[in-house]
Amino acid sequence: MKETVNGPGAQAGAYDRPSASFDREGHIEVRASAAMSCRRALWYAATGHEPAPPDEASLTVLETGRSLEPVVLRAMQRAGWEVAPTDANSPMGVVLQLTPIVKVTGHPDATGTPPLFGGEAVIEVKTRGPAAFRRWQTLGAERSHPDSVAQAALYTYGLFGEARDAVIATMDTAERAWDHEVIPAERVERALERTREWLAPLGAHHATHGANPEALPDRDFEAGSWRCNSCPFLATCLPGDAEETGTDEERPEVSDEEARQAVAAYVSAREALREPEGAKRQALGTLKAWMRHQGSAKAELADHTVSLVRSTRYAVDHKRLNALLDAETRKEIVTEQTSESVRIN
Ligand code: SF4
């Protein structure tokens, strides 16, 4: 079921292989980091369609992520973790036979053990912008980034041949702060099963059609989704959308000049508000100090009633919640609402 591969042969292009390919024994080989991505995109990669090269901005994001991985691992070591990073010059590869036809290959970032107790676990390192970092902390990786959990599960089985706790370590690229989440072994097992279920139809497709580049699997994502908009095969799969990646949502027509005027109106309104807001804050600070000194919560002053209002906020420890509950149960408790707004800086 599992093999490990390392040494100089594994070095060349270890991180830049296509996301899927065929081998001589009739398997389709899928890269672990792409295991939960669109199956049509995997088919395009395996049948030799040329992916669009990443643009400058995407390359910078990719390189930033790679260069920060050792930084996260060193921070974990300083926090008492025993960490064995993968040698970037000779990465240890894992090969997992997921179904009779689908093999998954990849290179774990590291293995390690937590400071106080626990066995050796796969550590999957990720870097996220502040919004994605917060979303991960709040929802847990199984909800926010299931691809990462699948990856960690594949490496766990590839390295140890069994389900074990796996660790997702993530750095907030804005704050340069890191945190980690332990995915318990039974949930690692479920993540592996989900990945197997996802990839099995691709294996069946290969068994039926061979390596036929024209026999495309169905699309897994819809035009306009972020998956399609960032897909390197977008121009091949949805030619019309490569130029126009918006949604069908009705949008009022606004000219560039009207947009410029809106920014100017917003900035001048914000400036007009800034001074009185500052004066209000200062006055309230003075009154708070006075009320505290008086030791009373309510006072009549200059024809006004001044009250010292005390409120209590309740915080949820998402890390403990995520460790205790599986993703389905968390979904019923931590719900997500999405809204749109415009911010001008
Ligand atoms: S454009 Fe969308 S549907 Fe087509 S291959 Fe890419 S992710 Fe899949």
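Student: What should I know about the model and its numbering?

Tutor: This is a predicted model: local features need pLDDT of at least 70, side-chain atom pairs count only at pLDDT 80 or more, and totals for chains, interfaces and linings use all residues. Residues are numbered from 1 along each chain as its sequence is written.

Student: How many helices and strands does the protein chain have?

Tutor: The protein chain has 13 helices and twelve strands. Both are DSSP runs numbered from the N terminus, helices being H or I of at least four residues and strands E of at least two.

Student: Which domains is the chain divided into?

Tutor: Domain 1 covers 2-243 and domain 2 covers 256-307, with bounds from an automatic or database domain assignment. Their C-alpha centres lie 49 Å apart.

Student: What percentage of the residues is buried?

Tutor: Buried residues make up 28% of the 345. A residue is buried if 20 or more other C-beta atoms lie within 10 Å of its own, exposed if 12 or fewer, and partly exposed in between, with C-beta atoms placed from the backbone.

Student: Which residues have the most contacts inside the largest nonpolar core?

Tutor: They are Val-30, Ala-35, Leu-42, Ala-152, Ala-153 and Leu-154, in a core of 57 residues. Helix H6 (residues 146-160) gives the most to this core, with seven residues. Such a core is a set of buried Ala, Val, Leu, Ile, Met, Phe, Trp, Tyr and Cys residues joined through C-beta atoms within 7 Å.

Student: What is Leu-154 in contact with?

Tutor: Leaving aside neighbours within four places in sequence, Leu-154 is in contact with Ala-32, Ala-35, Leu-96, Val-104, Gly-106, Leu-192 and Thr-195. Contact means that the two C-beta atoms, placed from the backbone, lie within 7 Å.

Student: Why is helix H2 described as largely enclosed?

Tutor: Eight of the eight residues of H2 (residues 39-46) are buried, so the rest of the structure largely encloses this helix. The buried residues of H2 pack against strand S2 (20-22), strand S3 (28-31), helix H7 (185-209) and helix H9 (234-237). H2 is followed by Gly-48, whose phi is positive, near 85°.

Student: Switching to the ligand, which residues come nearest?

Tutor: Of the 13 residues around the ligand, Cys-38, Arg-219, Cys-228, Cys-231 and Cys-237 come nearest. A residue is near a molecule or strand if its C-beta atom, placed from the backbone, lies within 6 Å of it. H2, helix H8 (226-229) and H9 each supply at least two residues of this shell.

Student: Now the loops. Where is Arg-176, and is it buried or exposed?

Tutor: Arg-176 is in the loop between strand S9 (166-172) and strand S10 (177-183). Arg-176 counts as exposed because it has 11 C-beta neighbours inside 10 Å. Its phi is near 55°, a positive value in a residue other than glycine.

Student: And where is Ser-311?

Tutor: Ser-311 lies in the loop between strand S12 (304-307) and helix H12 (318-324). Ser-311 counts as exposed, with 4 C-beta neighbours inside 10 Å.
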